[in-house]
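Please look through the sequence and the model shown below before reading on. The paragraphs that follow lead from the overall layout to single residues and their surroundings.

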Amino acid sequence: MSDLLSQIRLAVDAAAGGYLGKTISDIIQCEKSRNSVAEKYPRVRVEGGEAFACDADDRHLLNYMPQLERLYVSILTNDDPPVIATSAWRTKKPGFKLSKLGERIFLACRYFSHREGEGRDWKSAYAHHEFHPVISVLFRSVMRWWATIGRWGDTSRVLIEGEPDTVAVEGLCSFVEFVRSTCRSQAFKNLLYDHERKAGSLASGVVDTTAILPRMRC
């Protein structure tokens with residue numbers, strides 16, 4: 001693990017934020033301009049098409065979606081790392097602290113963790129639902145890494161290299177890498193464009209994101 005953390009530290013030290021260009025900007029602007037209710041509510045496949053479904057779980061999820069959308073923008077508009085190399089105040093040992101981006105990811109995972117603590121099994125509950133492509137990518141990422149990232153414990157904590165909880169550093173970096181590589185792919189851009197084009201009509205059919213998202217074990 002020490003070799004991996006050393007690589008992460010080097011990457012963090014070398015990281016520089018930057019604007020990704022017009023392509024991503026256009027995608028984000030398109031995301032902000034959505035005005036159809038079909039973009040917000042989860043849908044479930046039914047015989048002959050699709051239908052809205054809204055229960056207690058959905059209301060929690062609807063409250064969660066704007067947070068995921070903001071996180072998408074934070075991750076895609078620059079190349080900022082989720083962690084910052086630092087040292088412990090007292091021991092001076094090398095470690096990591098959360099960047100602003102890392103804090104946003106941690107808080108998104110903590111919200112999901114709280115819902116899990118309430119006994120909600122969103123992975124099973126939404127197995128047959130389809131979401132906006134952005135929500136689909138972020139939601140899948142949270143489901144995959146929430147437990148690992150949650151080991152950070154508190155946003156103000158500094159994780160010391162060598163401690164067991166530094167797996168959270170790897171989890172955060174994997175989370176960001178997955179979202180950026182997926183959402184910057186041409187396949188995702190095509191899917192997003194197609195989804196936006198069809199979003200005006202509820203009868204447009206369900207867009208399947210599984211064809212472009214890497215297979216992951218959540």
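A residue is called buried when its relative accessible area is under 20%, exposed when it is over 50%, and partly exposed in between, with a 1.4 Å probe and protein chains only. The model is predicted, so that local features need a pLDDT of at least 70 and side-chain atom pairs count only at pLDDT 80 or more, while totals for chains, interfaces and linings use all residues. Residues are numbered from 1 along each chain as its sequence is written, and side-chain values use heavy atoms, with hydrogens and water left out.

The protein has 218 residues, of which 42% count as buried. Its secondary structure comes to 8 helices and 6 strands, where helices (H or I, at least four residues) and strands (E, at least two) are DSSP runs numbered from the N terminus. Read from the N terminus, the order of these elements is α-α-β-β-α-β-β-α-α-β-α-β-α-α. The accessible surface, computed by the Shrake-Rupley method with a 1.4 Å probe, comes to about 11400 Å², and carbon and sulfur atoms hold 50% of that area. If contact is taken to mean heavy atoms within 4.5 Å, then among contacts between residues at least 6 apart in sequence, 75% join residues at least 24 apart.

The mean pLDDT of the protein is 76, and 65% of its residues reach 70 or more. Confidence is highest in α7, at 97, and lowest in strand β2 (residues 49–52), at a mean of 48. Over residues 201–218 the pLDDT is below 50, although this stretch has 40 contacts in the model beyond near neighbours in sequence. Residues 33–41 likewise stay under 50, and for them the model has 21 contacts beyond four places in sequence.

Which residues does I105 touch, not counting residues up to four places away in sequence? They are L71, I75, P82, I149, L172, F175 and V176.

The 17 residues of α7 should span 24 Å, and its end C-alpha atoms are 24 Å apart, which agrees. Helix α7 is also mostly covered, with 13 of its 17 residues buried. Helix α8 (residues 186–198) has 13 residues and reaches 18 Å from its first C-alpha to its last, close to the expected 18 Å; its buried residues are F188, K189, L191, L192, D194, H195 and E196.

A168 lies in helix α7 and is buried, with a relative accessible area of 0%. Leaving aside its neighbours within four places in sequence, A168 is in contact with T148, I149, R151, W152 and L159. Its C-alpha is 5.8 Å from that of W152, which is 16 residues away in sequence.

Charged side chains make a further set of links. Side chains of opposite charge can pair when their charged atoms come close. The structure holds 7 salt bridges, each being a side-chain nitrogen of Lys or Arg within 4 Å of a carboxyl oxygen of Asp or Glu. R115 and E118 meet in one of them, at 2.7 Å from N to O; R115 is buried, with a relative accessible area of 9%, whereas E118 is partly exposed at 44%. R151 forms another with D165, the closest N and O atoms being 3.1 Å apart. This pair links distant parts of the chain, with R151 in the loop between α6 and β6 (159–160) and D165 in the loop between β6 and α7, 14 residues apart. D165 also forms a salt bridge with R157, at 3.0 Å between the closest N and O atoms. Salt bridges that share partners join R151, R157, E163 and D165 into one network.

Technical notes: Expected span 1.5 Å × (residues − 1). pLDDT = per-residue confidence, 0-100.
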